[in-house]
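Colleague: I am new to this structure and would like to go through it step by step. Could you put it up, and then take my questions in turn?

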Amino acid sequence: MTSVDVVPVIDEGLGNSTYLVDLGGGRALVVDASLDLRSTRRVAERRRLTLAFAAETHLHADFVSGAHQLAATDGTTVVASAAGNRDFRHTGLRDEEEVDLGGLRLRALATPGHTPEHVAFLLLDGDSPVGVFTGGSLLVGAAARTDLTSPGRTEALARQQYASLHRLAALRDDVQVWPTHGAGSFCSAPPGAQRTSTIGEEKATNPLLRAGDEDAFVTALLGSLGSFPPYFLRLAEVNRRGYELPPGEPQLRPFDVDAVRRLLAESAQVVDVRSVQEFAAGHIPGAVSIPLRPAFASWLGWLTSPDQSLVVVRGADQDPAEIAWQAAKIGYPNLAGELAGGVESWTAAAQPLARTTLLHADQLTNRTVLDIRQTSEFVSGHLPGATHVELGSLTAHADAVPGYSLVVMCGHGERAMGAASLLQRHGHADVAVLQGGPDDWAQATGRDLATGA
């Protein structure tokens, strides 16, 4: 097998991989780059590479593509499916068409399913296939979801996904598999999976490739689909048009207390990115808690609207640039700014604070337990008698949640605090949050978890 230097650049929060390929001569190919190019640029700079080509396997739904930005700022040649009908300058490839990268070649393989215009890119050294960038078609141990275009097309795309996977499976067993979506992605990658593989390994172990026939494949794939953030439904069109950052890097504009109060009076939303413990100790009434961590962008896009002005409250040790970048990469240009001085400036101006009770596992007696994890998590193990509503759909069901003696739980506490903050906004006053998750409860109480729906 030919040796080609391919470096994965992983976004742990969104669960995706960008790939940087050294083409020789100081040039590089980047595959499925996010708008947040900081990590990709750092890798390229360490290797003294310029980003000569950017390949796009599909119109991404879970992040804003950096391809248009690279074309505008670096003169990068963008290579993508001709069927994507992108509005900006690019080299559009049809099935089996190739682009010469200056030694290596990239061949487009039409692999619709995850999206209608999806292509995989086969990397060739001479006539030897080195690996295939599979995007959202063949994943490690899975295949990406097919319900992001419209409900009416989900099954038809699943049947196309079946054909696409088997087309890729016909490649040589030693061909490397480089998917974009991996563990942590809402695009149906299984948790804990390796991020790269080979065709042979997938043929031997991927349950969807081992499905008995097309109908069995479709049943298995559609049965694995969980919920996803609402911004997934609009980013494909954002990426088709091409997204370019305004001059300068994303940042948070500082606002004093009076300015924040005016923004709140105009229907702005406070997003508090501090830790669970800090939020519980005191926060601006009506704030939604979304702690800054790798998954921050996904939950920002799930729990807030891109059409509403957002005001950030952060801790002094939290990087404002990181917050702004996380919002930018899911197409959220609506961060109005931040409260200068944080909660301390709010209290110094004699403004009120709200608080949320934190409970340990041995303090749940006579409380209704609300588990807000994803359905797959809840089914695998939950507290006996717990009520289940996914965090992403909680606002729509807030009125049906008991309004007294309620304790909210998730796996560790971050999502539960987000849920508690939403419930408090809807008038639930007696809401507490469990510190820890179901395993902590089982260990503390010596009781077994329940399973199933």
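Colleague: What share of the 453 residues of the protein chain count as buried?

Modeller: This is a predicted model, in which local features need pLDDT of at least 70 and side-chain atom pairs count only at pLDDT 80 or more, while totals for chains, interfaces and linings use all residues. Residues are numbered from 1 along each chain as its sequence is written, and side-chain values use heavy atoms, with hydrogens and water left out. Buried means under 20% relative accessible area, exposed over 50% and partly exposed in between, with a 1.4 Å probe and protein chains only. On that scale, the buried part of the 453 residues of the protein chain is 55%.

Colleague: What radius of gyration does the protein chain have?

Modeller: The radius is taken over C-alpha atoms, and the globule rule is 2.2 Å times the number of residues to the power 0.38. For 453 residues a compact globule would come near 22 Å, and the protein chain agrees with this, having 23 Å.

Colleague: How many helices and strands does the secondary structure of the protein chain come to?

Modeller: Helices (H or I, at least four residues) and strands (E, at least two) are DSSP runs, numbered from the N terminus. Counted in this way, the protein chain has 15 helices and 24 strands.

Colleague: Which residues of helix 5 are buried, and where on the helix do they lie?

Modeller: Helix 5 covers residues 214-223, and its buried residues are Phe217, Val218 and Leu221. Seen down the axis, they fall within an arc of 95 degrees (taken from the directions from the helix axis to the C-beta atoms), so they line one face of helix 5. On the other side of helix 5, the exposed residues are Thr219 and Gly223. The buried residues therefore lie on one face of the helix, and they are Phe217, Val218 and Leu221.

Colleague: What covers the buried residues of helix 5?

Modeller: Here contact means heavy atoms within 4.5 Å. The cover of these buried residues includes strand 12 (142-143) and helix 3 (154-169).

Colleague: Which residue's side-chain oxygen reaches the backbone nitrogen of Asp215 at the start of helix 5?

Modeller: A polar contact is a pair of N or O atoms within 3.5 Å; within protein, one must be able to donate a hydrogen and the other to accept it, and residues adjacent in sequence count only if both atoms are side-chain atoms. The oxygen comes to within 3.3 Å of that nitrogen, and it belongs to Asp213.

Colleague: How many aromatic pairs does a search of the whole structure find?

Modeller: Rings of Phe, Tyr and Trp (its six-membered ring) pair if their centres lie within 6.5 Å; planes under 30 degrees apart count as stacked, over 60 as edge-to-face and the rest as tilted. On these terms the search of the whole structure gives six.

Colleague: Is the aromatic pair of Tyr231 and Phe232 stacked or edge-to-face?

Modeller: The ring centres of Tyr231 and Phe232 are 5.2 Å apart, with 70 degrees between the planes. Tyr231 counts as buried at 2% relative accessibility, and Phe232 is buried with a relative accessible area of 2%. The pair of Tyr231 and Phe232 is edge-to-face.

Colleague: Which helix holds both Trp299 and Trp302?

Modeller: Trp299 and Trp302 form a stacked aromatic pair, 4.9 Å centre to centre with 10 degrees between the planes. Trp299 is buried at 7% relative accessible area, and Trp302 at 9%. They lie three residues apart, about one turn, within residues 296-303, which is helix 9.
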